[in-house]
Amino acid sequence: MKTSQDDARRRDREDPGHRDLFLIPPAEGGAYPETAYLAGNSLGLQPRATRDELLADLDGWARLGVEGHLDADRPWLPYHALLTEPAARLVGALPQETVVMNSLTVNLHLLMVSFYRPGGGRTRILIEEHAFPSDSYAVRSQARFHGLDPDETVIRTADPLADIERHGDRIALVLLGGVNYLTGELLDIPAITAAGHAAGATVGWDLAHAAGNIPLRLHEWGPDFAAWCSYKYLNSGPGALGGVFVHERHLDTDRPRFEGWWSTEATTRFLMRPVATPPGTAEAWQISNPPIFAMGPVRTSLELFDQIGMERLRARSIRLTGYLESLLDEAGTGHISPRDPERRGCQLSVRVTGGAGDLARRLRVEHGVIADAREPDILRLTPVPLYSTYHDCWRAAQALATAFTL
Ligand SMILES: Cc1ncc(COP(=O)(O)O)c(C=O)c1O
């Protein structure tokens, strides 16, 4: 390749990220001690601060037992509220519109209980043609839950605006991925939200691949709800808790909702009454008492986003992914993600000729490059602006060029 290693090193000196705040896994093979980790779209890396912060919360339990609910350094009863404001800032929501809880698909179901209300001729759910399978299973099971035929109810679209126009008066819910998991395409969230609403549908977003990847302005863009996970770009660990957004206009709602003791006002929680008094916030969608040791890593990660700022990260992301794109073009592999940086996040997806999993394994074992495969033929390469380097991109392109010529 024409582009040299020295050039990549120079770019890293001129445009460093925050790699020192993260633990980079050691390489299994190749010429460098650390992996070139380009799989943050799947599972983000561990911030160095996470372990000590988690241990501090564990110490509270050891020292205080049940008293930790009120007396721990970060008391457990209101612990979830520590995450609300930073999560709201990250997605451009009001704090009262935001809560961190559960896992993503669980949250999508809880939100659909309130926001998928099929009736009359309006029963359809619009999802992407390449929706993540969990979302597809979720909406199909929601259709069955309402006594509907999932094959008839779920419309899969490659062009949301056109299909909203075509099927508008039959669509009850538009539920799309803000950034597509397979191609990395960033959809026009405000335009699709507005079109869905104009057609009379409810609009929700799965932001698994968007939160921490691109700046979001959910309150202003106005979807009815959104949900995201924290184990990808939010670096909060495998299976980490997800986040939920419910637009302000729905907070005082008589829509149906599944409730438990964490759905009632904090001041009424221990009055042990049989009937809940839900607050006029997204916390009303909470059900159970939250897992403190799962919340700790999300709190630590959100602090990093607050300190560094999503706009700064996005600016570096555009430079870093643009550099990887130029290297892939030079290596002759190209990619199938949008070429316009405004229509994508960090991820570039390369189409390979079959055996994506096998190729990913070879990149890992022979070159120390961690990419992520979606069988049969997609390799996802994701430089993450927090911790990835230009040199990581150079290594990945070198390794791919070698693999493609063998
Ligand atoms: C777009 C999307 N939706 C849903 C999920 C499933 O998330 P969970 O297992 O947290 O429910 C994922 C997981 O990677 C995803 O990428």
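Predicted model: local features only at pLDDT ≥ 70, side-chain atom pairs only at ≥ 80, totals over all residues.

Modeller: Residues are numbered from 1 along each chain as its sequence is written.

Colleague: Why is lysine 232 called buried?

Modeller: A residue is buried if 20 or more other C-beta atoms lie within 10 Å of its own, exposed if 12 or fewer, and partly exposed in between, with C-beta atoms placed from the backbone. Lysine 232 has 26 other C-beta atoms within 10 Å, and therefore counts as buried. Its place is in the loop between β9 (225-228) and β10 (242-246), where helices (H or I, at least four residues) and strands (E, at least two) are DSSP runs, numbered from the N terminus.

Colleague: What does lysine 232 touch, and what does UniProt list for this residue?

Modeller: Two residues are in contact if their C-beta atoms, placed from the backbone, lie within 7 Å. Not counting residues up to four places away in sequence, lysine 232 touches Gly40, Asn41, Ser42, Leu43, Gly44, Ala208 and His209. In an unreviewed entry, UniProt lists Lys232 for "modified residue: N6-(pyridoxal phosphate)lysine"; UniProt positions are given in the numbering used here, feature names are shortened, and annotations may be inferred rather than shown by experiment.

Colleague: What makes tyrosine 231 buried and proline 133 exposed?

Modeller: Tyrosine 231 has 23 C-beta neighbours inside 10 Å, and so counts as buried, whereas proline 133 has 9 C-beta neighbours inside 10 Å, and so counts as exposed. Tyrosine 231 lies in the loop between β9 and β10, and proline 133 lies in helix α6. Leaving aside neighbours within four places in sequence, tyrosine 231 is in contact with Leu43, Gly44, Ser236, Gly237, Pro238, Gly239 and Ala240.

Colleague: How do you know that the residues of the UniProt "binding site" do not all gather at one spot?

Modeller: The unreviewed UniProt entry places that feature at Leu104, Thr105, Phe132, Pro133, Ser134, Asp135, Asp206, His209, Tyr231, Trp261 and Asn289. They span 186 residues in sequence, and the farthest two C-alpha atoms are 31.5 Å apart, so they do not all gather at one spot.

Colleague: Which residues are around the ligand?

Modeller: They are Ser103, Leu104, Thr105, Phe132, Ser134, Asp135, Gly177, Tyr181, Asp206, Ala208, His209 and Cys229, where a residue is near a molecule or strand if its C-beta atom, placed from the backbone, lies within 6 Å of it. The elements that give two or more residues to this shell are α5 (104-115) and α6 (133-145).

Colleague: Why are the buried residues of α8 said to line one face of the helix?

Modeller: In helix α8 (residues 160-167), Pro160, Asp163 and Ile164 are buried. Seen down the axis of α8, these buried residues fall within an arc of 105°, so they line one face of the helix; the arc is that of the directions from the helix axis to the C-beta atoms. On the other side of α8, Ala162 and Glu165 are exposed, while the cover over its buried residues includes β5 (124-128), β6 (154-157), β7 (171-177) and α9 (189-198).

Colleague: Asparagine 235 and methionine 272 each have a positive phi; is asparagine 235 buried or exposed, and is methionine 272 buried or exposed?

Modeller: Asparagine 235 has a phi of about 50° although it is not a glycine, and with 28 other C-beta atoms within 10 Å this residue is therefore buried. Methionine 272 has a phi of about 55°, again without being a glycine, but with 7 C-beta neighbours inside 10 Å methionine 272 counts as exposed. Asparagine 235 lies in the loop between β9 and β10, and methionine 272 is found in the loop between β10 and α11.

Colleague: What makes threonine 281 count as buried?

Modeller: Threonine 281 has 20 C-beta neighbours inside 10 Å, and the label asks for 20 or more, so threonine 281 counts as buried. Threonine 281 touches Gln96 and Leu251, not counting residues up to four places away in sequence.
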